[in-house]
Amino acid sequence: MSAAEDIVGAVHTKVRHDSARGHVTGSARYIDDMPELPGTLEVVLVTSPHAHARIISIDVTAARAAAGVRSVVTAADIPGHNDIGPIFDGEPVLAAGIVDYAGAPVVAIGADSYDQGLAAAALVEIVYEELPAVLEIEDALDQELYTYPPQIMTYGDPAAAIAGAVRKVEGEVRCGGQDHFYLESNVALAIPRDDGDLDVYSSTQHPSEVQHGVAHTIGVPTNAVTVEVRRMGGGFGGKESQPTIIAAIAALIAQQTGQPAKLRLRRDDDMIVTGKRHDFLFRYTAGFDDDGRISGVDILMGMRSGNVADLSPGVLARALCHADNCYYLPNAILRGYPCKTNTVSNTAFRGFGGPQGMLVIEAILEHIARELGVSLDDVRGVNYYGTDDRNVTPYQQTVKDNIIVPLVDELKSEIDFDGMSRAVDDFNACHNTLKKGLALMPVKFGISFNTPKLNQAGALVHVYTDGSVHLNHGGTEMGQGLFTKVAQVVASTFQIDLDNIKISATRTDKVPNTSATAASSGSDLNGMAALNASEVIKGRMTDVAAGHFDVDRDSIEFRANRVYAGNDSVSFSELAQMTYDERQSLSAAGYYSTPGLHWDAAKLIGNPFYYFTYGAAVAEVVIDTLTGESRVLRADMLQDVGSSLNPAIDLGQIEGAFVQGQGWLTSEELVWDKNGRLLTHGPSTYKIPGSRDVPPEFNVHLLKDAPNRFPTVFRSKAVGEPPLMLAISVWLAIRDAVSRTADHRHFVKLDAPATPEAILNAVEDIRIRDNG
């Protein structure tokens with residue numbers, strides 16, 4: 001496949017996001033911007049104040065009688081099934097009998113206004129019997145409390161390899177969770193239609209799951225529920241499974257009253273009620289030789305799953321599958337424990353376990369480097385995956401597209417890494433209070449859903465007789481530019497200008513049974529489905545053109561908004577009319593499923609990823625050893641995106657992912673009190689990166705002349721998640737700065753996020769050990 005450059009908006013060209021102007025001017029319409037139909041009800045939730053308690057009684061009498069209240073719903077009022085678990089059963093829409101986290105929805109109130117609903121919520125009387133709560137990962141591990149069975153991945157003979165190793169290190173490290181903090185909080189609008197049907201407008205990455213969940217809850221067939229989403233104000237994984245409960249509650253009120261019902265969570269409620277990135281506790285043992293080459297590792301991953309499983313099985317599996325990052329582990333046992341705690345169920349978040357898995361192996365390599373008194377990059381060098389050998393992962397997939405070494409070398413050469421290192425050394429020699437740190441982070445990230453059945457997509461393409469094109473597919477737009485990229489694919493296939501393509505909202509009655517827009521696979525899956533649909537129509541048009549010009553179909557060429565047969569041509573719109581006149585369909589449904597994938601979820605072996613994407617980043621930071629404050633001074637990135645579908649959008653994705661990852665690793669700290677209540681539930685207490693946190697020198701480059709070796713859409717590669725892990729370079733650079741306070745004589749004890757308090761404690765710990 002190739003794309004000519006003589007149309008506007010072809011693939012491989014920089015095109016602005018289709019809603020860019022709307023985003024900037026505020027004219028882009030989100031669900032809460034939609035004009036409300038007469039009688040639309042506002043829904044308010046009554047949630048549990050306890051982390052773990054038995055519900056003794058619920059009295060909603062006063063709430064039902066309150067002004068403006070049209071509906072009050074509890075679990076007892078659900079006509080279908082009170083369960084919206086995406087993988088396992090036992091995940092209620094409204095708590096029944098037991099509440100198992102502070103913030104669990106118990107009662108939903110539909111009222112004429114939000115204020116009336118809020119006033120009525122205060123009148124609901126619920127009697128609880130408090131029960132013991134498990135709030136920490138360690139306690140769940142000790143009590144063997146899990147949301148589903150632990151996952152153990154074994155490769156080789158790690159016990160023997162570690163026992164026979166020349167050297168050994170043991171340690172523990174943690175990484176915190178992260179709130180998605182999307183600009184648009186969770187919201188759903190349910191509108192009753194004829195015959196008991198329901199239209200649901202949901203801010204969701206997974207319309208089909210919302211469709212299934214709503215139908216399951218209100219007790220109707222799936223075909224009675226239509227879900228639509230034109231755009232989300234951010235998702236980051238937080239709108240993959242979580243929106244189902246929001247939509248289901250709105251649907252319950254709409255069904256009970258026969259009136260439209262909207263549930264929109266305020267920021268504080270959204271942060272309290274919905275799940276987040278999983279925090280992890282890691283314990284590790286690694287055996288290695290005098291060069292730092294790893295012979296065996298044993299890694300325990302204690303993951304806070306929360307009160308129910310949600311998407312934790314997939315997150316933990318991906319964490320296990322990325323504990324190798326770019327390194328060959330000849331003998332490994334990776335133990336994953338999905339710890340059940342009385343906190344909100346954690347869920348998908350950009351990277352989906354990959355960042356956590358990579359963080360622990362980087363900590364292990366750094367520990368080895370400090371033990372040997374060599375640089376971290378020296379240890380990396382002897383452990384990188386090979387190309388012809390040393391290229392099998394712990395889950396037994398052969399890495400066939402490894403480019404990490406030349407990519408890292410290119411980045412280091414481009415930025416003069418050695419010169420940067422010397423400059424940091426010179427600065428630190430002249431400063432006692434301020435210390436600079438410098439670190440590189442390589443990334444290998446697998447692309448595809450770990451669950452093979454999810455790697456499929458559909459699209460629907462119509463060509464009208466005036467040459468305009470209507471495009472619909474199962475992917476969702478959350479600001480990442482998917483709609484623009486897929487439209488470019490269609491434009492390039494037909495060889496017409498991009499402004500001829502009409503982008504339309506994702507709807508379950510147009511393209512059914514879709515997978516979530518997640519796993520960085522949106523363009524790969526939906527782009528190929530749209531390409532296939534377009535090729536079907538193009539084939540029909542080609543036959544008509546061949547008949548018109550009386551030539552073989554191989555002589556027909558679509559180019560620059562026209563269709564050629566030698567020197568003769570017609571416009572694309574003329575051929576569209578001719579195709580209609582010949583009674584040939586100008587509509588096609590396209591489908592694509594990723595080839596070559598297989599995964600044994602019981603043995604944790606297989607070929608879960610279609611290909612890998614690679615990247616590297618270097619971060620320079622400075623810390624204040626008296627206050628613990630840190631600042632990222634510079635970041636340089638080189639990202640492998642194959643043959644980019646849209647370099648402008650890809651650059652934006654890389655920049656945004658890096659800064660979001662930086663926030664996870666430095667400032668975004670989730671804090672619960674001793675009773676399991678979230679304390680950091682708003683911007684006053686939860687610190688996401690601001691404009692002044694972006695590195696003043698921020699250099700992002702796309703790897704050139706590196707088309708995907710696998711046949712993806714126009715040989716592109718995924719870009720949504722992989723760059724987030726490049727931000728681990730910031731965490732490593734902060735650790736490097738702390739280590740330099742004692743000339744690297746000690747391994748740094750610093751978890752993520754590296755907040756000022758954590759940095760100050762790490763500096764003090766180094767000082768104590770150095771003087772001890």
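How are α10 and α11 oriented to each other? In this predicted model, the axes of the two helices cross at roughly 115° and come within 8 Å. Angles of 65 to 115 degrees count as roughly perpendicular, and α10 and α11 are therefore roughly perpendicular to each other. The crossing of α10 past α11 is right-handed.

The residues that form this contact come from both helices. On the side of α10 they are E362, L365, E366, I368 and A369, and on the side of α11 they are L376, V379, R380 and N383. Sorted by class, the contact of α10 with α11 has 5 nonpolar residues, 1 polar residue and 3 charged residues.

| Helix | Residues |
|---|---|
| α7 | 243-257 |
| α10 | 354-372 |
| α11 | 376-383 |
| α18 | 728-740 |

Helix α7 contains A250. A residue is buried when its relative accessible area is under 20%; the value for A250 is 0%, so A250 is buried. When neighbours within four places in sequence are set aside, A250 is in contact with A188, A190, A261 and L263. Between A250 and F658 there are 408 residues in sequence, counted as their separation, and the C-alpha atoms of these two residues lie 35 Å apart in space.

Notes. Residues are numbered from 1 along each chain as its sequence is written. This is a predicted model: local features need pLDDT of at least 70, side-chain atom pairs count only at pLDDT 80 or more; totals for chains, interfaces and linings use all residues. Side-chain values use heavy atoms; hydrogens and water are left out. Axes are lines fitted to C-alpha atoms, for helices over the stretch in contact, and angles run from 0 to 180 degrees between N-to-C directions. Helices (H or I, at least four residues) and strands (E, at least two) are DSSP runs, numbered from the N terminus. Angles under 35 degrees count as roughly parallel, over 145 as roughly antiparallel, 65 to 115 as roughly perpendicular and the rest as oblique. A crossing is left-handed if the near helix is turned anticlockwise from the far one by less than a right angle, and right-handed if clockwise. Contact means heavy atoms within 4.5 Å. Ala, Val, Leu, Ile, Met, Phe, Trp, Tyr, Cys and Pro count as nonpolar, Asp, Glu, Lys and Arg as charged, and the others, Gly among them, as polar. Buried means under 20% relative accessible area, exposed over 50%, partly exposed in between (1.4 Å probe, protein chains only). The expected span of a helix is 1.5 Å times one less than its number of residues.
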